[in-house]
Amino acid sequence: MKKTFRAVASAFTLLVALWAHNAFAQSEPPSVEILDEAAIELIRDWLNNPVVEMSILAHNKRYKGVGQEQIDALDKAWRAERESEDQPLIAATLSSPLSTYLTQIQAMSGGIFTEIFVMDAYGLNVGQSSITSDFWQGDEAKFQKTFDVGPTAVFVDEPEFHEASKTWRAQVNLTIAKDGEAIGAVTVEYNLSELARRRGMM
């Protein structure tokens, strides 16, 4: 009887410890200071691939002179396609050379990057590693605090807890430039929990 009681007590203690660990993990995100220059340079390194610049410039040329009405229509179509089996706009974007490249970068990161997408000069998606909720990012901070600010702008958003994986994540957003002029922007979602683990901070 005593052995049974001890076993139950031990199991209960373990469950309480696991609960406490999860509760702590949710309430205490790694500091965004972990997204230092080294973390940002890691992004800049793979942005140097010619497919990034070529894809953005082609997209900018394709949508040159686009008006807000057309942008809204594209964004509306994208949202509708997310709920439909017919997805021409989404399929065209996800099958692009840039999307293929970004998907590879995310896969090779081993869990450090959980989402990547590149935008053109109008805030429209050019390529992405997975389906985003919308096609136009021009009305969001990720674009307004990078592309609209200048060619070297960096914006790190607030960490958010990802319930499904029990990890903290944060988006790092950079302007993408050519010859000192902004041509687009990129959003990279970092797995802060994994980055902190690799750096021995957890």
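## Confidence first

The protein chain here has a mean pLDDT of 89, with 86% of its residues at 70 or more; pLDDT is the predictor's confidence in each residue, from 0 to 100. A contact means heavy atoms within 4.5 Å. Where pLDDT is low, the predicted coordinates should not be read in detail.

Some ground rules: this is a predicted model, so local features need pLDDT of at least 70 and side-chain atom pairs count only at pLDDT 80 or more, while totals for chains, interfaces and linings use all residues. Residues are numbered from 1 along each chain as its sequence is written, and side-chain values use heavy atoms, with hydrogens and water left out.

## Overall layout

The protein chain has 8 helices and 6 strands, taken as DSSP runs numbered from the N terminus (helices: H or I, at least four residues; strands: E, at least two). Along the sequence the pattern goes α-α-α-α-α-α-β-β-α-β-β-β-β-α.

Of the 202 residues in the protein chain, 43% are buried. The labels work like this: buried is under 20% relative accessible area, exposed is over 50%, and partly exposed is in between (1.4 Å probe, protein chains only). Among contacts between residues at least 6 apart in sequence, 61% join residues at least 24 apart.

## The largest core

The largest nonpolar core holds 31 residues, and Leu35, Ile43, Trp46, Phe113, Val186 and Tyr190 touch the most other members. Such a core is a set of buried Ala, Val, Leu, Ile, Met, Phe, Trp, Tyr and Cys residues joined through side-chain atoms within 4.5 Å.

Leaving out residues up to four places away in sequence, Trp46 touches Val52, Tyr101, Leu102, Ile105, Phe113, Ile116, Val186 and Val188. Trp46 counts as buried, at 8% relative accessibility, and so does Phe113, at 4%.

## Aromatic pairs

There are 5 aromatic pairs. Rings of Phe, Tyr and Trp (its six-membered ring) pair if their centres lie within 6.5 Å; planes under 30 degrees apart are stacked, over 60 edge-to-face, and the rest tilted. Trp46 and Phe113 have ring centres 5.9 Å apart and planes at 65 degrees, so they are edge-to-face. Trp46 sits in helix 2 and Phe113 in strand 1, so this pair ties together parts 67 residues apart in sequence. Ring pairs also bring in Tyr190, making a cluster with Trp46 and Phe113.

Trp78 and Phe135 are stacked instead, at 5.2 Å centre to centre and 25 degrees between the planes. Trp78 is in helix 4 (residues 68-81) and Phe135 in the loop between strand 2 (125-128) and helix 7 (141-144), so the pair joins parts 57 residues apart in sequence. Trp78 is buried at 0% relative accessible area, and Phe135 is buried at 1%.

## Helix 4, side by side

Helix 4 has 14 residues and reaches 20 Å from its first C-alpha to its last, close to the 20 Å expected at 1.5 Å a residue (the expected span is 1.5 Å times one less than the number of residues). Its buried residues are Ile71, Leu74, Asp75, Trp78 and Glu81. Down the helix axis these fall within an arc of 125 degrees, so they line one face of helix 4; the arc is that of the directions from the axis to the C-beta atoms.

The buried residues of helix 4 pack against helix 5 (88-94) and strand 2. Glu69 and Lys76 are exposed, on the face turned away from the buried side of helix 4.
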